[in-house]
Amino acid sequence: MDGLRPNRGGKPRPGCRAGRFRSGSSNLPNAGIAGGSTHTATAGSAIQAAGEQAVARLAELALADPRSPLFGADNVGVVARNGRLVRWDDERRSDSFVEILDRAGREMVEGRGSAAADAAAAERYAMHAHGAVFAEVKVDPELGQVRVTRLVGAFAAGRIINPRLVESQYYGGMIWGVSFALHERAVLDRRTGRVMNADLAEYHVPVNADIPSVEAILIEEEDPHVNALGVKGVGEIGITGTAGAVANAVWHATGVRVRRFPIAIEELLG
């Protein structure tokens with residue numbers, strides 16, 4: 001993570017908070033996997049730490065410079081906001097990143113940061129994402145065919161960095177849960193161990209007609225213990241809750257408690 005740098009040469013200046021994040025290159029050290037919803041938490045926390053260090057170094061320059069409006073504010077402290085350092089006790093007194101660097105004759109300041117899970121916090125607190133899914137189903141009394149007519153899920157997963165992406169992940173997870181509960185079944189050949197229905201003609205997944213109504217509600221949550229950004233995983237939680245909700249709705253409609261997925265018509269008719 002590069003530090004804070006003012007743009008030169010007449011190029012657009014992004015508030016002097018420019019930074020470059022590099023990932024996915026074999027020239028870089030190994031990092032955490034981009035799966036299990038962990039990459040945002042790990043990379044984001046490292047970037048947060050690097051940014052805090054860069055801001056701290058800017059503050060050192062400003063507080064020691066008699067020409068700065070922030071000179072001598074050591075005991076009060078400052079906060080970074082919109083490309084400026086601002087005194088905690090008087091927001092009228094501030095100094096821009098660009099001016100601090102210019103007066104110091106510096107092109108940039110550099111901050112470096114790393115991030116890892118806090119083992120002590122994980123031992124003391126439960127920090128998982130959580131939610132609830134509600135399913136409405138209709139069951140044909142003669143054929144035993146199950147159709148999901150409505151899904152509503154409410155989820156809390158810490159700080160949401162990209163609401164549209166998260167909502168999309170919840171939709172995908174809930175649809176996957178319907179597929180888990182009613183459609184997907186791999187049939188194995190007991191002699192060879194091979195999957196006998198290894199194509200979309202025989203391995204069933206839901207289509208648009210199977211998912212008439214899906215709603216995902218994002219619940220605001222602040223978790224100061226999980227990581228520096230307060231973010232959590234959002235993907236898989238929509239799947240498991242949906243599968244269970246569909247099974248419970250089938251029980252409510254039929255009185256039959258099914259304990260295997262996918263729910264087969266013969267189990268409801270028997």
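Let me begin with strand 1, residues 78-81, and strand 2, residues 84-87, which run antiparallel and are joined by 4 bridges, bearing in mind throughout that what we are looking at is a predicted model. Within this pair, Ala-80 has Leu-85 of strand 2 as its bridge partner, and the two strands form a hairpin with 2 residues between them, where Asn-82, in the turn, has a positive phi of about 55°.

Strand 2 also pairs on with strand 3, residues 94-96, again in an antiparallel arrangement, and here there are 3 bridges. Val-86 is the residue that stands opposite Ser-94 of strand 3, and this second hairpin has 6 residues between its strands.

If we step back to the protein chain as a whole, the secondary structure comes to 6 helices and 6 strands, and, read along the sequence, these follow the pattern α-β-β-β-α-α-β-β-α-β-α-α. Of the 270 residues, 34% count as buried, and, if we take contacts between residues at least 6 apart in sequence, 61% of them join residues that are at least 24 apart.

That brings me to the interior. In soluble globular proteins, nonpolar side chains tend to be buried together. In this model the largest nonpolar core has 25 residues, and those that touch the most other members are Val-137, Val-148, Tyr-170, Leu-182, Val-246, Val-250 and Ile-263. At least two residues of this core are supplied by each of strand 4 (130-139), strand 5 (146-156), helix 4 (163-182) and helix 5 (237-254). To take one member, Val-246 touches Ala-135, Val-137, Val-148, Ala-181 and Leu-182, once residues up to four places away in sequence are set aside. There is also a second, separate core, which has 13 residues, including Leu-58, Ala-59, Phe-97 and Ile-100.

Staying with helix 5, I would like to look at Gly-238, which is found in that helix. Why does Gly-238 count as buried? Gly-238 counts as buried because its relative accessible area is 0%, where the cut-off is under 20%. Leaving aside neighbours within four places in sequence, Gly-238 is in contact with Phe-155, Gly-173 and Met-174, and its C-alpha atom is separated by 7.7 Å from that of Tyr-171, which is 67 residues away along the chain.

Note on methods. Residues are numbered from 1 along each chain as its sequence is written. This is a predicted model: local features need pLDDT of at least 70, side-chain atom pairs count only at pLDDT 80 or more; totals for chains, interfaces and linings use all residues. Side-chain values use heavy atoms; hydrogens and water are left out. A nonpolar core is a set of buried Ala, Val, Leu, Ile, Met, Phe, Trp, Tyr and Cys residues joined through side-chain atoms within 4.5 Å. Buried means under 20% relative accessible area, exposed over 50%, partly exposed in between (1.4 Å probe, protein chains only). Contact means heavy atoms within 4.5 Å. Two strands pair if DSSP finds at least two bridges between them.
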